[in-house]
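Hi everyone, thanks for making time this morning. Please have a look at the model on the screen, and then I'll walk you through a few parts of it.

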Amino acid sequence: MAAPLKVEFHFDFGSPNAYLAELALPAIERRTGVKFDYVPVLLGGVYKATGNLSPAESLRGIKNKPEYNALETERFLRRHGIAAFKMNPFFPVNTLALMRGAVAAEFEGLFEPYFRAAYHHMWVEPKKMDDTQVFREAFLSSGLDIDRIAARAQQDDVKKKLIEDTSNAVARGTFGSPTFFVGNEIYFGKDSLRDVEDEILTQLGSERRKSA
């Protein structure tokens, strides 16, 4: 039997577009029957490896483009019925501790509650999550054993996994967040979600025809 279709969501908590895109994934999963694999990558490492810049840097001083980006975000919010979003006033936030925490939480079987709490404190009730004390108090308020996760995040296997996943993503074509892979096909940005869904259906159809 052929291996099931692998569909991936590569994210960094520091990307507001990754947060917004993720909110649309459950509907795609329901329509297609395919589950996304969530892969933490360090966006700062991606930028360094590719020479890319964050939108905060790349849009600085450009007339009309930042305003259009804001308009496009509003359209996305309306299209997907998203109400729980606030721009983080401390943006950009250094996400190294957050992303190591995501890997550690996955190793500890706590990924889902950690993931939801991290996004909540970045983009729903936004905080300066690169402040150690703010970070700890935020996760404690969400009921997480953050001291356990933070201690695990300092271990070499966690650090190595985040570096490897980030490097592998770049090797496969990643330059920013969010990035999606449908099999070997790469898609970037929240506005590519329609194409992501179309590609999932195309590849599923191809698999079914081969197995018929």
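Let me start with the middle: which residues in the largest nonpolar core touch the most other members? They are Phe 9, Phe 11, Phe 13, Phe 36, Tyr 114, Phe 139 and Ile 200, out of 53 residues in that core. Helix α6 gives the most to this core, with 8 residues. By nonpolar core I mean a set of buried Ala, Val, Leu, Ile, Met, Phe, Trp, Tyr and Cys residues joined through side-chain atoms within 4.5 Å. Buried here is under 20% relative accessible area, exposed is over 50%, and partly exposed is in between, with a 1.4 Å probe and protein chains only.

Quick housekeeping before I go on. This is a predicted model, where local features need pLDDT of at least 70 and side-chain atom pairs count only at pLDDT 80 or more, while totals for chains, interfaces and linings use all residues. Residues are numbered from 1 along each chain as its sequence is written, and side-chain values use heavy atoms, with hydrogens and water left out.

Back to Ile 200, then. Leaving aside neighbours within four places in sequence, Ile 200 is in contact with Leu 5, Val 7, Ile 28, Thr 32, Val 34, Phe 36 and Val 182. Contact, throughout this talk, means heavy atoms within 4.5 Å.

Helices are DSSP runs of H or I with at least four residues, strands are runs of E with at least two, and both are numbered from the N terminus. Is Gln 203 buried or exposed? Gln 203 is buried, with a relative accessible area of 18%. Apart from neighbours within four places in sequence, Gln 203 is in contact with Leu 5, Val 182, Gly 183 and Glu 185. Gln 203 and Val 182 are 21 residues apart in sequence, and their C-alpha atoms are 8.3 Å apart in space.

Now for the helix pairs. Two packed helices are described by the angle between their axes and the distance between the axes. The axes are lines fitted to C-alpha atoms, for helices over the stretch in contact, and angles run from 0 to 180 degrees between N-to-C directions.

For the cut-offs, under 35 degrees is roughly parallel, over 145 is roughly antiparallel, 65 to 115 is roughly perpendicular, and the rest is oblique. α1 passes α6 in a left-handed crossing; left-handed means the near helix is turned anticlockwise from the far one by less than a right angle, and right-handed means clockwise. On the α1 side the contact is made by Pro 16, Ala 18, Tyr 19 and Glu 22, and on the α6 side by Phe 115, Arg 116, Tyr 119 and Trp 123. Those residues divide into 6 nonpolar, no polar and 2 charged. In that count, Ala, Val, Leu, Ile, Met, Phe, Trp, Tyr, Cys and Pro are nonpolar, Asp, Glu, Lys and Arg are charged, and the others, Gly among them, are polar.

Next come α5, residues 96-107, and α9, residues 156-171, which pack at about 110° with their axes 9 Å apart. α5 and α9 are therefore roughly perpendicular to each other, and their crossing is right-handed. Here Leu 96, Met 99, Arg 100, Val 103, Ala 104 and Phe 107 of α5 meet Asp 157, Val 158, Lys 159, Lys 161 and Leu 162 of α9. This contact has 7 nonpolar, no polar and 4 charged residues.

What about charged residues elsewhere? Glu 108 sits in the loop between α5 and α6 and is partly exposed at 25% relative accessibility. Not counting residues up to four places away in sequence, Glu 108 touches Arg 148 and Arg 152. Glu 72, in helix α4, residues 65-80, counts as buried at 13%. With the same exclusion of residues up to four places away, Glu 72 touches Lys 190 and Asp 191.

Finally, some backbone details. A cis peptide bond joins Phe 91 and Pro 92, with omega about 0°, and Pro 92 is in the loop between α4 and α5. Another cis peptide bond joins Ser 177 and Pro 178, with omega about 5°. Asn 64, in the loop between α3 and α4, has a positive phi near 80°. Thanks, everyone!
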